Amino acid sequence: MSIEKIVEQALQDGYLTPSMEAEVGRICNTASELSIEEYMALDRLMGALLTGEVVVLPRKQFINVMEELVLSDAIARVADIEATSDLSLDVGDIAAYALNRLPPLYATTEEGAHFQRARAKEQLHDLISKEVNSAIARNLDRPDTPNPTALGKSSGNEVLSQLSTWLQANATNFEPQP
């Protein structure tokens, strides 16, 4: 979106959103030189901001408390597993898998985050543990593919043959078709 369109939208709506502000900043930072029209639009926007005709909407800061709870649980469990075995687990994959199966707990203040943490520890501790355990089990069951190979640029039959060979080597219960 152009600066002129953004300013026009801000004047029409009466507010400048964080994304509109970021887009104006991006345009100004990447353009080697602004046009006279762009300068005039920015001047109109500045005047509207100074008079209160347009207000800047604040950026809302928030966190998902569930992320820190799952991550700390996953890190502790992975550390225990890796300390007692030669296994190597991906904490990021484990946390993402568990988080996709758990409810988010968003907070916008430290008091809200404290409330969400206490609620989660009281009501969701077992569910968090269950999902982290499931994620670890899933991570352990994945085939180890340290050097994935790209399929070569070939004809359709050659790609199918390469894919069949790869599946035979990596997929459990693969049955090739004649």
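Modeller: A residue is called buried when its relative accessible area is under 20%, exposed when over 50%, and partly exposed in between. The model we are discussing is predicted.

Biologist: Then why is E131 called buried?

Modeller: Its relative accessible area is 9%. The cut-off is under 20%. Therefore E131 counts as buried.

Biologist: What makes K130 partly exposed?

Modeller: K130 has a relative accessible area of 49%.

Biologist: Why is the pair E131 and K130 called a salt bridge?

Modeller: The closest N and O atoms of the two are 3.4 Å apart. The limit is 4 Å, from a side-chain nitrogen of Lys or Arg to a carboxyl oxygen of Asp or Glu. So the pair qualifies as a salt bridge.

Biologist: How many salt bridges does the structure hold?

Modeller: Five. One of them joins R117 and E68, at 2.3 Å from N to O. R117 sits in helix α6 and E68 in helix α4, so this pair ties together parts 49 residues apart in sequence.

Biologist: Is R117 buried or partly exposed, and how do you know?

Modeller: R117 stands at 19% relative accessibility. Buried needs a value under 20%, so R117 counts as buried.

Biologist: Which residues are linked with R117 in a network of salt bridges?

Modeller: E68 and E110 are linked with R117 in that network.

Biologist: What makes E23 and R26 a salt bridge?

Modeller: Their side chains meet at 2.7 Å, N to O. The cut-off is 4 Å, so the contact counts as a salt bridge. Both residues lie in helix α2 (residues 18-30), three residues apart, and are separated by about one helical turn. R26 is partly exposed, with a relative accessible area of 43%.

Biologist: Why does a spacing of three residues matter in a helix?

Modeller: An α-helix has 3.6 residues a turn, so residues three or four places apart point the same way.

Biologist: Now to α5. Which of its residues are buried?

Modeller: In helix α5 (residues 91-99), the buried residues are I94, A95 and A98.

Biologist: How do you know that they line one face of the helix?

Modeller: Looking down the axis of α5, the buried residues fall within an arc of 95 degrees, so they line one face.

Biologist: What covers the buried residues of α5?

Modeller: The cover includes α4 (65-83) and α6 (110-141).

Biologist: What reaches the backbone nitrogen of G92 at the start of α5?

Modeller: A side-chain oxygen of D90 comes to within 3.0 Å of that nitrogen.

How values were computed:
Residues are numbered from 1 along each chain as its sequence is written. This is a predicted model: local features need pLDDT of at least 70, side-chain atom pairs count only at pLDDT 80 or more; totals for chains, interfaces and linings use all residues. Side-chain values use heavy atoms; hydrogens and water are left out. Buried means under 20% relative accessible area, exposed over 50%, partly exposed in between (1.4 Å probe, protein chains only). Helices (H or I, at least four residues) and strands (E, at least two) are DSSP runs, numbered from the N terminus. The arc is that of the directions from the helix axis to the C-beta atoms. Contact means heavy atoms within 4.5 Å. A polar contact is a pair of N or O atoms within 3.5 Å; within protein, one must be able to donate a hydrogen and the other to accept it, and residues adjacent in sequence count only if both atoms are side-chain atoms.
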